[in-house]
Amino acid sequence: MTYSEALDWLEQVGRGGSRLGLDRVRDYLTRLGAPQDQIPMIHVAGTNGKGSVSACLSAILTQAGYRVGLYTSPHLDRFNERFRIRGEEISDAAFADLVSQGRAVWETMEDKPTEFEVITALAFLYFAQSACDLVVLEVGLGGRLDATNVIPTPLAAVITKLGLDHTAELGDTLAQIAYEKAGIVKPGGWVVLDGRNTEVLEQLQQLCRERACSTAITRPDQLTVSRQDITGSTFSYGPWRDLRLTLAGSYQPGNAALALETVEVLRAQGWSVSDDAVRAGLAAVRWPGRFELLCQDPIFLLDGAHNPDGVWAAVESLSACFPGQKLRLLVGFLADKDIPGMVAQLAPLAQELLVITPPSPRAMEEEDLVKTLARTFPAPVKGFASIRAAVDYAFATARPGERFCALGSLYSAGTIRQAVQAARP
């Protein structure tokens with residue numbers, strides 16, 4: 001099987017849609033040799049920030065000398081981004097071989113696993129065959145019924161910032177969403193909670209008590225940021241002083257604090273992670289698509305914000321970096337998101353809105369969004385037939401000192417990055 005054949009087969013599996021339940025993926029993994037039981041894992045769930053927290057942990061633990069696997073989704077540019085070891089993506093050849101192994105088993109099953117179940121199982125197989133010391137595992141959707149939740153008790157179950165997203169699947173209140181996310185909490189394990197989740201923190205703590213878990217909670221009042229700009233920040237947290245973080249965005253020090261609390265949990269279990277490894281990891285971590293600086297002249301930022309909480313954080317970051325200034329915003333949304341809520345937050349910041357259609361079957365068509373916003377949005381609204389056309393227009397019309405930010409859907413991020421690379425001077 002070639003690399004392209006592997007991707008084509010996964011796409012064919014994806015046409016079968018998604019179905020709730022863990023029985024299929026458990027059966028599939030048993031037939032693959034139960035690789036999920038062979039490696040210690042850190043399990044990360046949440047609405048916003050789980051990818052950034054996972055990236056921070058992977059970078060820190062890699063600096064500590066461990067062979068660290070990192071599983072995330074979705075990818076921005078290439079599918080291989082989802083499977084990383086010590087920061088390196090899986091090779092095309094290894095990926096094709098892995099899918100070939102998975103397909104042979106899949107075809108023997110009557111109740112066939114879904115695409116995400118196959119991908120998750122193959123990630124476990126890859127990390128086990130590659131003799132990883134541990135794996136940082138990002139939840140795909142929710143937690144309780146997510147395919148990643150077939151693992152035994154992890155080294156730490158980490159729950160990041162929660163918000164209203166995927167409400168059709170997870171519920172339309174924070175309490176319901178917290179219940180689904182906390183499905184990754186297993187009896188007797190360690191749990192790391194984001195102290196910013198004030199509305200549901202007691203609910204999460206009570207669940208941890210019921211399951212006899214040990215808990216660590218971030219303390220927002222112990223977090224101070226001394227410097228912040230579009231290249232990152234310098235912050236202190238508890239006993240940690242003057243940590244350099246290369247992830248930009250006002251929300252990222254809070255995510256880094258979650259990683260720091262998780263490091264302390266690992267240390268309590270005997271894992272060796274030096275202070276130097278922590279500092280080097282945070283200074284080296286990269287996580288594309290999250291308040292990412294794509295170009296300096298003109299300044300062009302990309303943020304994967306795709307729900308109201310994420311957009312609020314992006315707006316806060318932009319306001320902190322460019323106080324009192326407006327930006328030209330490139331946006332595209334999925335139709336099942338809270339578009340009015342996100343647009344309302346963007347309105348005070350927008351000099352102009354450039355509207356595109358994200359590359360997803362769930363996308364809101366740009367012409368429909370333009371019609372909806374044209375009469376009410378306080379800034380000019382212009383639609384584009386493609387992402388490339390929108391980016392080309394942005395660069396062709398950029399005036400000195402203007403700033404751009406693209407946001408609204410992670411599905412657009414990879415194409416936007418490519419278009420900016422092609423269009424930049």
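I started with Ala34, which lies in the loop between helix H2 (23-31) and strand E1 (41-45). Helices (H or I, at least four residues) and strands (E, at least two) are DSSP runs, numbered from the N terminus. The model is predicted, and local features need pLDDT of at least 70, side-chain atom pairs count only at pLDDT 80 or more, while totals for chains, interfaces and linings use all residues. Residues are numbered from 1 along each chain as its sequence is written, and side-chain values use heavy atoms, with hydrogens and water left out.

**Entry 1: backbone angles**

I looked up phi for Ala34 and found a value near 50°, which is positive in a residue other than glycine. Ala34 is partly exposed, at a relative accessible area of 22%. My cut-offs are: buried under 20% relative accessible area, exposed over 50%, partly exposed in between (1.4 Å probe, protein chains only).

I then turned to Ala212, in the loop between helix H8 (201-210) and strand E8 (214-217). Phi of Ala212 is near 55°, again a positive value in a residue other than glycine. With a relative accessible area of 57%, Ala212 is exposed. For background, most residues other than glycine have a negative phi, and most peptide bonds are trans.

Which residues are joined by a cis peptide bond with omega of about -5°? I found Ser73 and Pro74 there, with Pro74 placed in the loop between E2 and E3. A cis peptide bond also joins Asp297 and Pro298, with omega about 0°. Pro298 is in the loop between strand E12 (292-296) and strand E13 (299-302).

**Entry 2: Thr72**

Thr72 is in the loop between strand E2 (68-71) and strand E3 (83-85). Is Thr72 buried or exposed? I count Thr72 as buried because its relative accessible area is 3%. Leaving out residues up to four places away in sequence, Thr72 touches Glu81, Arg82, Glu138 and Trp287; contact means heavy atoms within 4.5 Å.

**Entry 3: nonpolar cores**

I use "nonpolar core" for a set of buried Ala, Val, Leu, Ile, Met, Phe, Trp, Tyr and Cys residues joined through side-chain atoms within 4.5 Å. The largest such core has 40 residues, and Ile42 and Leu282 have the most contacts inside it. Helix H9 (residues 252-268) gives the most to this core, with 8 residues. I also noted a second, separate core of 39 residues, which includes Val13, Phe83, Trp106 and Val118.

I listed what Leu282 touches, not counting residues up to four places away in sequence: Cys56, Ile60, Phe235, Leu243, Arg244, Leu245, Thr246, Ala256 and Leu260.

**Entry 4: rings**

How many aromatic pairs does the structure hold? I found 12. Rings of Phe, Tyr and Trp (its six-membered ring) pair if their centres lie within 6.5 Å; planes under 30 degrees apart count as stacked, over 60 as edge-to-face and the rest as tilted. Phe83 and Phe95 form an edge-to-face pair, 6.3 Å centre to centre with 65° between the planes. This pair links distant parts of the chain, with Phe83 in strand E3 and Phe95 in helix H4 (residues 92-106), 12 residues apart. Phe83 counts as buried because its relative accessibility is 2%, and Phe95 counts as buried at 1%. One aromatic cluster is formed by Tyr3, Tyr71, Phe79, Phe83, Phe95, Phe116, Tyr126 and Phe127.

Next I looked for charges over rings, with NZ of Lys or CZ of Arg within 6 Å of the ring centre and within 35 degrees of the ring normal. The charged end of Lys112 sits over the ring of Trp106, 4.7 Å from its centre. Lys382 lies over the face of Tyr393, at 5.5 Å from the ring centre.

**Entry 5: a sheet**

I looked up an open sheet of 3 strands, in the order E9-E10-E11, with antiparallel pairing. The edge strands are strand E9 (223-229) and strand E11 (240-245), each pairing on one side only. Two strands pair if DSSP finds at least two bridges between them. Strand E10 (residues 232-237) and E11 run antiparallel and are joined by 4 bridges. Thr234 stands opposite Arg244 in E11.

**Entry 6: Ala175**

Ala175 is found in helix H7 (residues 174-181) and is partly exposed, with a relative accessible area of 38%. Not counting residues up to four places away in sequence, Ala175 touches Val200 and Gln203.
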